[in-house]
Amino acid sequence: MNVQDPRLVRVDHSKDLGLYAKRKGVFPKKVDGPFRRFKWTVMALCLAVYWGTPWIRWDRGPYAPHQAVLIDMANRRFYMFDIEIWPHEFYFVAGLLIMAGIGLFLVTSAVGRAWCGYACPQTVWTDLYQHVDRIVDGDRNAQLRLQKAPWTASKLARRTFKWGIYLAIAFVTGGAWIFYFADAPTLQHAFWTGQADPVAYATTGILTFTTFWLGGFMREQVCVYMCPWPRIQTAMLDEKSLIVTYKHWRGEPRGSVKSAARSPVPLGDCIDCQQCEAVCPTGIDIREGAQIGCITCGLCIDACDKAMRDIGRPRGLIDYCTLEDATRERNGQPDAPVLKTLFRPRTLVYFGIWAGIGLALLFMLGQRSRLDLSVAKDRNPEYVQQSGGAIHNGFTVKLRNMEDRPRPVVLSIAGLPGGAIYTDDMASNAARPSLQLQVPADETRRLRVYVVAPRGTEPGQFLFQLKAIDAQGGHGQSQTTFTTAKGNGQ
Amino acid sequence: MANEPRIDEATGVETVGHEWDGIEELNNPLPRWWLWTFYACIAFALGYVVLYPALPGLTGATPGTLGWTSRGALAADLKAAEASKAAVRAQIAAIPVEQLAADPKLLRVAIEGGRAAFKVNCVQCHGAGAAGSKGYPNLNDDDWLWGGDIATIHQTLQHGIRYPGDDQARQSQMPAFGRDGILTPAQVQDVVSHVRVISGEDKANGSAQRGAAIFAANCAVCHGANGEGNRLVGAPRLSDAIWLYGGDRASLTETVTNAHAGVMPAWSQRLDPVTVKMLAAYVHSLGGGEAAAPVAPAEAPAQPATATK
């Protein structure tokens with residue numbers, strides 16, 4: 001070692017980011033501008049939807065919960081306003097999730113990482129926590145000073161106070177989640193009186209911790225290191241995707257207004273005020289180009305526009321701009337028409353898939369049957385010989401009533417001459433061709449049904465038929481097999 | 001070979017102090033989060049070893065200060081499961097078995113409880129589907145030796161059939177007509193012929209006519225003049241389509257010659273009263289259950305009809 005090979009170029013790695021680089025804190029400066037105000041609006045909207053939704057009431061009559069959006073795990077029902085999803089209809093939820101995925105592709109191809117910049121919960125809560133920082137500790141410089149200051153009693157007190165606020169926000173966030181899974185007012189009361197299910201407290205605890213940790217401390221590290229979406233972005237973005245662009249052909253070479261006077265060459269518009277860096281919630285320098293840490297929230301645009309306004313130069317040195325437009329601008333050409341960029345094959349295909357799935361779901365929602373039956377034949381014994389020579393077969397019949405009220409129905413059989421039915425709480429000699437039954441509201445009623453047919457009946461297929469005898473009507477049927485000593489007719 | 005650790009000027013990282021042919025190793029520390037997780041695991045393991053059974057010995061593991069055992073955990077779970085059923089079991093205990101049907105919800109619980117108990121206690125003889133086998137009655141049909149309303153089934157379950165340990169067990173004994181020499185083998189064949197005629201298996205012939213007289217003298221007292229059976233003594237109905245020991249000539253000959261007397265244990269001696277009640281509800285629900293009247297309507301007209309003949 002220490003034998004210097006003159007062909008080797010010594011590279012100084014000491015300034016590289018190590019694999020386990022210690023995090024440099026991000027202390028974004030307060031900024032104002034159209035994008036910041038848009039971000040405030042989206043944040044308010046997201047938080048309002050998150051906290052408010054479980055408290056919306058929705059009248060569904062006496063047999064169903066009165067909560068507009070409710071995921072009722074215990075009873076396996078998912079309520080969303082006028083739509084009620086049963087477990088066997090879970091494909092609706094799967095369809096919604098697929099739509100959400102395709103929707104993300106659609107939004108990304110149309111307007112870039114708008115989700116990351118504005119609506120992602122990590123972004124919303126990080127933004128909220130960073131605002132708490134500015135309220136408690138002061139703006140960027142005050143925060144930096146406090147960060148470097150030794151741990152005095154006063155610093156400890158301020159940190160404890162701030163973390164207390166973090167925790168309160170985290171608790172309210174984690175606590176709100178459980179209201180989607182039970183009647184909100186009831187659960188709220190039970191929660192505070194210690195009557196709620198342990199799982200409610202555990203869920204609140206876990207989500208309080210994750211919010212506290214991810215929003216209060218991890219922040220931009222979640223986006224840079226933990227989230228797969230920025231990686232997927234690299235495959236999603238193309239030359240027509242909207243990204244935050246520093247127009248270096250206009251800004252470089254950078255230099256302050258003073259140094260511009262001394263410079264032998266004319267300087268660009270960038271006065272190197274570093275406001276774009278100071279306001280960035282993920283702590284990057286956008287002037288280094290598009291990068292994984294850029295969530296395209298546009299706050300640097302607001303900051304740069306203000307700087308440009310202050311020194312009387314045109315806005316938009318940093319701006320939302322597609323790669324294609326960037327090239328055109330460098331060549332002095334006008335931007336491509338916005339509509340043409342927006343409605344291109346890629347976005348249209350995504351929109352087509354997205355809308356197709358949506359329409360298919362709506363169609364199925366309109367078509368689905370609210371009354372149904374399913375029949376399972378007994379395997380053991382397959383048939384039973386009765387003393388008079390008749391044969392009976394046992395079945396488990398499930399009557400499904402998806403309406404929020406009890407319904408009178410008639411269960412009968414067809415295709416089995418002389419056949420009659422009775423249930424396991426009836427005497428065997430009380431069999432009759434059809435049974436009138438009540439199916440409870442919003443429930444599946446399980447019945448043990450015996451089908452008895454006279455001596456000499458041939459094995460074969462027959463139908464169970466279900467008919468609602470209320471004003472609404474509706475019917476269903478299910479084919480099954482009658483087995484005798486001769487087999488099942490197949 | 002071991003040199004003093006030194007700072008590598010290219011990376012600014014300390015070396016471990018070893019060198020092989022000019023190659024040195026940098027002493028990059030483990031990530032701190034990893035280290036702390038590792039220490040936390042060690043701390044957890046120490047606590048676990050103290051609190052729970054952990055270190056293997058010759059005869060068993062160290063017990064642990066919490067006294068936890070998997071057997072104890074199972075016992076606690078079973079106890080909790082029992083406790084959760086206590087209320088509904090008390091309800092079933094309080095209600096007479098023939099009134100169970102009046103409470104559909106309770107009946108449903110009883111049937112399901114009976115289904116579970118049946119799978120443990122009864123399937124060995126009666127089969128998983130309660131369809132029985134030779135000598136063990138099929139419980140799905142409407143042919144009952146001792147009666148098929150729920151109270152009678154309950155009575156049979158409680159005290160058993162020909163069970164030596166219970167005074168109230170159902171008792172009866174068919175004579176071994178052939179073995180004990182009451183009938184000659186030829187007479188036995190004639191009776192068999194007659195029985196196959198009244199059950200509709202064969203057409204009448206000379207042997208059956210001779211058998212009819214023998215039947216009237218020896219068998220009708222229990223099985224009825226027309227072979228309609230008698231539930232008071234558990235004498236099977238011979239005129240129907242169901243045979244407990246087989247309806248072909250060979251099986252019938254064997255039955256008449258040697259007689260059969262199946263035994264069922266008195267379940268009240270083995271199971272708690274609520275479980276027996278639930279079993280009765282389950283067996284009654286299998287498709288052959290009769291209405292609660294003590295005499296089944298099908299039987300009533302059969303008796304006067306015999307009398308007029």
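**Reading the features**

Q: Let's start with strands. In which sense do S2(A) and strand S3 (residues 83-85) of chain A pair, and over how many bridges?
A: S2(A) and S3(A) run antiparallel and share three bridges. Strands here are DSSP E runs of at least two residues, helices are H or I runs of at least four, and both are numbered from the N terminus. Two strands pair if DSSP finds at least two bridges between them. Look across the pair and you'll find A:Phe78 opposite A:Ile85 in S3(A). Two residues sit between S2(A) and S3(A) in this hairpin, and A:Phe81 in the turn has a positive phi of about 50 degrees.

Q: And how do strand S1 (residues 69-72) and strand S2 (residues 77-80) of chain A pair?
A: They're antiparallel too, with four bridges. A:Leu70 faces A:Tyr79 in S2(A). The hairpin of S1(A) and S2(A) has four residues between the strands, with A:Arg76 at a positive phi near 55 degrees.

Q: Before we go on, what should I know about the numbering and the model?
A: Residues count from 1 along each chain as its sequence is written, while chains are lettered from A and ligands numbered from 1 in the order written. This is a predicted model, where local features need pLDDT of at least 70, side-chain atom pairs count only at pLDDT 80 or more, and totals for chains, interfaces and linings use all residues.

Q: What is the mean pLDDT of chain A?
A: pLDDT is the predictor's confidence in each residue, from 0 to 100. For chain A the mean is 90, and 96% of residues reach 70 or more.

Q: Which peptide bonds in chain A are cis?
A: Most residues other than glycine have a negative phi, and most peptide bonds are trans. One cis bond joins A:Glu252 and A:Pro253, with omega about -10 degrees; A:Pro253 is in the loop between helix H11 (248-251) and helix H12 (257-262) of chain A. Another joins A:Asn380 and A:Pro381, with omega about 0 degrees, and A:Pro381 lies in the loop between strand S6 (371-377) and S7 of chain A.

Q: Over in chain B, is B:Arg162 partly exposed or buried?
A: Count C-beta atoms, placed from the backbone, within 10 Å of a residue's own: 20 or more others is buried, 12 or fewer is exposed, and in between is partly exposed. B:Arg162 has 15 such neighbours, so it counts as partly exposed. It isn't a glycine, yet its phi is positive, about 50 degrees.

Q: Which residues are buried in H7(B)?
A: They are B:Ala208, B:Gly211, B:Ala212, B:Ile214 and B:Phe215. Among what covers them are helix H6 (185-198) and helix H8 (220-223) of chain B.

Q: How many residues does each chain bring to the contact?
A: Residues are in contact if their C-beta atoms, placed from the backbone, lie within 7 Å. Chain A brings 22 residues and chain B brings 31. On the side of chain A that touches chain B, strand S7 (384-385), strand S8 (391-401) and strand S12 (443-453) each supply at least two residues.

How values were computed: Two residues are in contact if their C-beta atoms, placed from the backbone, lie within 7 Å.
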